[in-house]
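This report describes how the parts of one protein chain are packed and paired. Please keep the sequence and the structure in view while reading.

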Amino acid sequence: MVFSSFSFLVYFFPLTCAAYFALKNRTWRNIILLMASLFFYAWGEPVYIWLMLTSIAFNWFLAIAIISRKKMGVFLLVCGICINLTSIIFFKYGNFIVENINFIVGVNFIFPKVSLPIGVSFYTFFSISYLIDVYRGAVTPQKNILFYGTYLSMFPHLIAGPIVRYETIEHEIIHRNESINDFSEGLRRFITGFCKKVIIANTMGTIADTILVADPTTIGAIPAWYAFIAYTFQIYFDFSGYSDMAIGLGRVFGFHFLENFNYPYISRSVTEFWRRWHISLSSFFRDYLYIPLGGNRVSPMRWILNLIIVWLLTGLWHGASWNFICWGLYYGLLLIGEKMLWGKLIQKIIRPLQHLYTILIFTIGWVIFRMEDFRKLGEWLLALFGFNGAGRIVDLDVMNVLHYYPWFFVALICSTPLINNIYQRQNKSFVVSLLCDSISVILFVSAATNLATGGFNPFIYFRF
C-alpha cells in the first residue's frame, strides 16, 4: 500500500483516523497506530511481517540491556549494529555479493531467490540510530515494547522515510498533544506532497520512461536532455512529495518530523545541494559514520578517506548495483574537489553560473543513478553531449511527449520556494488562505480521480 493509492485514501487512512481519535487514552492510541502500521506493512509485504516484529522485539530488548549492563555496553551495541545490518546485507546485497564473487573467482555459487522487504533500509537505520543514541545517553530506552513498536513501525515513515530518529519524537510518543491546527496543517502538507507526486512526478515520469526505453545510440542531444531533465524533476517530486506526505501524516497524529528536503535544486554548489537533499540520510551518515571516523578534524589524507567511505556507503545504500556505488563516489570526489580545489572559484563567479554548474552536476548524477547498465550509461552520456548529433524536436513529437513541455515550467516553479514564500507572506489573510485551500482541494480531487482510473503511479524510492 502506498499513500498515493485508492485503498489508502478511501479506506485505510479514514478508518485509522476514526479509530485513533475515537479513543482518548494515549496507550490505546499508540496501540491503534501500531496495529494500523503493521497492517499497512503486511498489506504490501505479508511474508516479511515476521522480520518487522523481530526487529521491534530485538532492538527494544537490546537497548534496555545496553543501559542495564554498562560494562558490556560497547559489545552489545556492536552486536546490535552487526545483526541489524545482517538483514540488509542478506536481503539487499546477498545476490550482488555472490554475483561479483562468481565473476572474480570464476565460480558458480547460487544465492537463494529472495525479494527485498520494502522499507528495510529505512527501519534498519531507525534501529541503529536508536541503539547508538541509547548508548550515548542521548535518549532513554523505551520501557514499553508497544510504544517502541509504534515508533519503529509507524506507517507515515515506515516505507520510504524520512529517517526519523527516536530523539526527534521521544517526548511525543507519550506526551504529544493532537490539535485541530496540527490536523489541518498535516492534511495541507499531505495534499501538497500528494499533488507533487501524482501530478508533477508522474507526468515527468511518463516523459522520462517513454524516451529512456529507446536505443540511446539513436537519440540526439535534444531528446536526451528532455528525458533526463524530466527524470531530474521526477525523482525530486517523487521523493520530496512522499516526504511531504509522511510529514503531514505524522502531524495529523501529533508527531513533528524534521524536514527532509529544502529546495535542493536552487543550490549553488554540490556541498549546498547535499545540505538540502534527503537531509535525514545525510545527517544520519554525518552523525553516525563521518564524525565517528574523525570528520574533518584529521589529516587531509584521512579526511579524504573518510569522505570516500561515507559516499561509497551512501551510494551502496541506494541499491545493490555498481552504478549506485559510482554515483556515490561521483559525489564524494566532487565534494572533495569543491573543498580542496575549485570551491572558492565557484563562490566568485556570478550566481547564475553557480546555479548552472550545480544543475549540470546533479543532472549528470541522475544519469548515473538511473542507468544500472554501464554500456547504456556510456551511450546516454554520449547522447547528452551531442555525439549522436543534436537531434530533432520532431523526435519528441513522434514519441508523443512534446506536448508535456508546459509541465517543465510548472516543475521549475514548484522546485523553488517562490510559491511557499508568497503563501507564507499572505497566510494571515483569510481570503488568501481560503483560496489556497480551495485550489489544493481541486488539485487533490483531480489527482485522486487520475489514480482511480488507473493512472501511471510508480514510486522510485520504494526499491531502496
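Two residues are said to be in contact, or to touch, when heavy atoms lie within 4.5 Å of each other. The structure is a predicted model, in which local features need pLDDT of at least 70 and side-chain atom pairs count only at pLDDT 80 or more, while totals for chains, interfaces and linings use all residues. Residues are numbered from 1 along each chain as its sequence is written, and side-chain values use heavy atoms, with hydrogens and water left out.

**F155 and its surroundings**

Helices are DSSP runs of H or I with at least four residues, and they are numbered from the N terminus. F155 belongs to helix 7 (residues 155–158). Leaving out residues up to four places away in sequence, F155 touches F3, F8, F12, T16, L33, S37, F40, L249 and F253. One of these contacts, F40, is 115 residues away from F155 along the chain, yet the C-alpha atoms of the two are separated by 6.6 Å. F155 has a relative accessible area of 0% and is buried. In this report, buried means under 20% relative accessible area, exposed means over 50%, and partly exposed lies in between, with a 1.4 Å probe and protein chains only.

**The largest nonpolar core**

A nonpolar core is a set of buried Ala, Val, Leu, Ile, Met, Phe, Trp, Tyr and Cys residues joined through side-chain atoms within 4.5 Å. The largest such core has 135 residues, and F3, F8, Y331, W366 and W380 touch the most other members. Helix 10 (residues 221–252) gives the most to this core, namely 17 residues. Apart from its neighbours within four places in sequence, Y331 is in contact with V270, F273, W274, W311, I361, F362 and G365.

Helix 15 (residues 351–370) has 20 residues. From its first C-alpha to its last, helix 15 reaches 29 Å, close to the 28 Å expected at 1.5 Å a residue; the expected span is 1.5 Å times one less than the number of residues. Buried residues of helix 15 include Q354, Y357, I361, F362, G365 and W366. Among the elements that cover the buried residues of helix 15 are helix 10, helix 11 (270–276), helix 13 (300–318), helix 14 (322–348) and helix 16 (374–384).

Helix 12 (residues 279–290) is mostly covered, with nine of its twelve residues buried. These are S280, L281, S283, F284, F285, D287, Y288, L289 and Y290. The buried residues of helix 12 pack against helix 5 (120–136) and helix 13.

**Two helices packed together**

Helix 2 (residues 26–44) and helix 3 (residues 49–68) pack at an angle of about 145°, and their axes are 9 Å apart. Axes are lines fitted to C-alpha atoms, for helices over the stretch in contact, and angles run from 0 to 180 degrees between N-to-C directions. L38, Y41 and A42 of helix 2 meet I49, M52 and L53 of helix 3. The residues of this contact divide into six nonpolar, no polar and no charged. Here Ala, Val, Leu, Ile, Met, Phe, Trp, Tyr, Cys and Pro count as nonpolar, Asp, Glu, Lys and Arg as charged, and the others, Gly among them, as polar.

**Salt bridges**

Side chains of opposite charge can pair when their charged atoms come close. A salt bridge is a side-chain nitrogen of Lys or Arg within 4 Å of a carboxyl oxygen of Asp or Glu. The whole structure holds 16 salt bridges, and the table lists some of them.

| D238 | K197 | 3.2 Å |

D238 is buried, at 1% relative accessible area, and K197 is buried at 0%. E379 and R375 both lie in helix 16, four residues apart, which is about one turn of the helix. E379 is buried at 17%, whereas R375 is exposed at 52%.

**Two loop residues**

Y263 is not a glycine but has a positive phi of about 50°, and it is found in the loop between helix 10 and helix 11. N400, also not a glycine, has a positive phi of about 65°. N400 lies in the loop between helix 17 (393–398) and helix 18 (405–414).
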